[in-house]
Amino acid sequence: MTTLMSKPVSAPGKSVIERLNIVTAVVLGAVSAFVVWRLALQFLPADTEVRLFTREDKITLLSMVAWFIGFMTGIGALVGPFRWVMGKDLSHDENMFLAGKDMGVNRYFRYTTDHKVVGIQYLVITMVIFGIGGILAMLIRTNLGTPEGGWIHPQAYNSIVGTHGIIMIVGTIIMVTGPFGNFIMPIMIGARDMAFPRLNALSFWLIVAAAIPLIWAQFIGGISTGWSAYNPLAGQAPLGMNGYIMFICIFAISTMVAGANITTTIVRMRANGMTWNRTPIFIYGTMASVALALPAFPVFFLSQVMSAMDRALDTSFYNTAGGGSGWLYENLFWIMGHPEVYVILIPAVAALMEMAPVFTRRPLFSFNVAVMGIAGISGLSVLVWAHHMYISGWAPLLNAPFMLTTELISIPTGMLFLVLVGTLWRGRLWMTMPTMSIFALLWNFMIGGITGIYLSDVPADAFLHGSMYVTAHFHYTLMGAGLTGALAALVYWFPKMTGRMFDKKLSWISFWLVQIGFNVAFIGMFTVGLAGQPRRVESYASTFNTGNLITTIGAYTIMVGMLVLLHGVISSWRSGDKAPMNPWQAKTLEWTVPNPIPLENFDVLPTVTSDAYGYGKAKS
Amino acid sequence: MTDLMNSKKPQWWKSPDVKKTAILWVICTAIVGYVGTEFHVRSIVEPASETMTGVIDLMRIFTWAASPVAGLVFAICLTVLTSKRHYGDNPPAEADHQISNSPRANAVWIVVSALLCLFALITGLIVLQKDSEAVLESTAIQMNVTGSQWVWSFDYPNGARSEDLYLPVDKPVVFHITSVDVKHSFWIVQMGIKMDANPGAITEAAVTPNKIGVFDIRCAELCGLLHAYMQTKVHVVSQNDYDKWVAEHAALEGRA
């Protein structure tokens, strides 16, 4: 193992810390997985019961756990705790090494603690995730171009749908709080780094560790249950289900770690004078998102642990024959699942709120209402989960109360609209791709929101539930609103993150292709939903063909737009115009640091004396 | 709504952008309401029960109730987009005001959205109440529905059994739904009812078909390999035809 360090930092010779990188991690992970797999194969007793596959499930899960532990050890996650236990805590030089001081590009492949490195790592992995999820989406849409489907085997099709679902969910969860929450947020609040830099590195590398079981799963039967992995279907699914379970468990840990870290950073490390009333709205959005993940993801983790036990150890949490209940799984899943959609949505909307005053050159309208809206959505979002179960028959008497809480969410959501249109009103519009994204968000989120009202209504949901209408609805909210905000954030913060301006022309081309393609695709999907096409089908009655064809054409347009965007990212990053320190003339703190940003951001920590929205001419 | 302006100025409603927005608001509301309703009504299936007609009416009502809000947001967007726009790499001049709040606009917005929310809730509850009572109808035909991978089977009160559903027109039916393996969802598309079939539990749904014809039953919950093909037909026939059909099929079962 070569270290690419130019000079040794602490002790002479190479210390363990210097040797560890992604290569050692993958090697150690693979070796541990292989060893445990061999041992398990050798020593695990054969199944005595009639139930099939229990032994194989045990072997698969054990190997995956071994991969996980091996990988995390190999990347260096245990160095800090181990040294601390030995009573030899890391020296200052070692900490600087871990932060990636003078390491060039190699720091992106190590357990690097600098929040800016972690932010870039998150940005790249998010793009990879969207790339894979997008390819899977194109496979789905191509298969649905004709009624018979046909060229993808139903088992593979179901697995593609499930994998597309879960990795896009993960991608959208991290798409704003990952890259921008890690890179931009600490600078925006005037901090030198996150509160727990090592946890920051941990949360990123956990996602990398989680990816392998998901890929592994594709080769041992796939995830044929959809992203929700309902039991008892998940119980009879092939071995690939274990990959899903491990993926969720590791990702849940990552989210919890990141949530604790970001929350602490925001609460404890804001600059002098940055009172809550002077804290930028994007910070509120980030904090609401990760704070919501804190109660949600432990439940998700738990639900999957129980699922694994049902599969591998013959317990009966969800197995009706043994006294369990599929409804239990549904409850646990949606107790995570509903806050989770706001985990995705809130930071994206908040990012656009942050940009709105910059591109209209006027103050943010009703900061307090914006905060109240974010808080209201966060609070209510943990009380609405059973609207996913109106027609499950689980508790018909609870339908009315859950309809109440669900429809109440329209009030704080409306507040977000008020803030955005209020900020646009009488501003000086500076036409950029992020500016147009605000309008795109208002359009898409309006459609997503109103269709959400139909779905929140129990009698209407009895028709719409489980149809393509639902699929179109949540794509309008998560993609039409969420992803639009994230792409705007990418263009907006690109100059600070890479030191180069994003190619303007490419940003416009991709914006229009994605937005038009998106609306064509999902308006088409609404029509087939209303006409009665269920979700997650690999073939459909020929009456649905027109709508599906429209959706497929729209999907291809999105793909072209996304490829243009990818080209824009790569070409601008490599050879775009050098960005000035503050290209948008914005007033938040991240624009006060030079490009490239020094290791600890600020020489002298800033003091804040007003909010960041002092745009507009004062009345004379 | 026009309170978004500085409310202290006298006669704020006379300002040209406010007038423009007001006119656009009316137009946008009409367009959103009309297009939204037509989009749904034209795309949605032909109703074959009172329940489904109710669903369509709800969507019509909700679309019109939401259209002023959507109309206003779109009107403001259009006003802003058609006002002076700045292109270029450097920022435009600052806006000529520093308004960062309007308590009146906030209050109006929040109260109106709360009222709309209340309206949606009450409308929904009234229909929900009607649907829930239908399950208790004592004169209804009691039908047992069993989902299994990947067929539906129906057990009639007189012992008949089939994989195509036969129902008499204008007679209430209560379905007792269960599953033998994984979760399915029993959806009679044109009748607007859906209920999950859970292993180990019985759930209920009720409907009164009001049209003679053949309609679709589909599974609406991913249930494994052939989920897409788990569909069958419901034949709604006259009472006489129904009686004849079930008698024949009960006899078949008896002989078997």
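1. **Ground rules.** This is a predicted model, with local features needing pLDDT of at least 70, side-chain atom pairs counting only at pLDDT 80 or more, and totals for chains, interfaces and linings using all residues. Residues are numbered from 1 along each chain as its sequence is written, while chains are lettered from A and ligands numbered from 1 in the order in which they are written.

2. **Confidence.** The predictor gives the complex an ipTM of 0.93 and a pTM of 0.93. Chain B has a mean pLDDT of 90, with 95% of its residues at 70 or more (pLDDT is the predictor's confidence in each residue, from 0 to 100). Within chain B, helix α4 (residues 239-255) is lowest at a mean of 86, and strand β7 (residues 184-188) is highest at 96. Helices (H or I, at least four residues) and strands (E, at least two) are DSSP runs, numbered from the N terminus.

3. Strand β1 (residues 429-430) of chain A and strand β1 (residues 85-86) of chain B pair in the parallel sense over two bridges (pairing takes at least two DSSP bridges). In this pair, L429(A) sits opposite R85(B).

4. **Two helices in chain A.** The axes of α7(A) (residues 154-177) and α11(A) (residues 240-268) come within 12 Å and cross at roughly 10 degrees, which means α7(A) is roughly parallel to α11(A) (under 35 degrees counts as roughly parallel). Axes are lines fitted to C-alpha atoms, for helices over the stretch in contact, with angles from 0 to 180 degrees between N-to-C directions. Residues meeting here include I166(A) and V170(A) from α7(A), and Y244(A) and F251(A) from α11(A). By class, the contact has six nonpolar, four polar and no charged residues.

5. **Domains of chain B.** Domain 1 covers 2-83 + 104-134 and domain 2 covers 141-255, with bounds from an automatic or database domain assignment. Their centres, taken over C-alpha atoms, are 38 Å apart. Domain 1 brings 10 residues to their contact and domain 2 brings 15. Helix α2(B) (residues 50-82) gives the most to the domain 1 side, with four residues.

Key. Parallel < 35°, antiparallel > 145°, perpendicular 65-115°, else oblique. Contact = placed C-beta atoms within 7 Å. Nonpolar A, V, L, I, M, F, W, Y, C, P; charged D, E, K, R; others polar.
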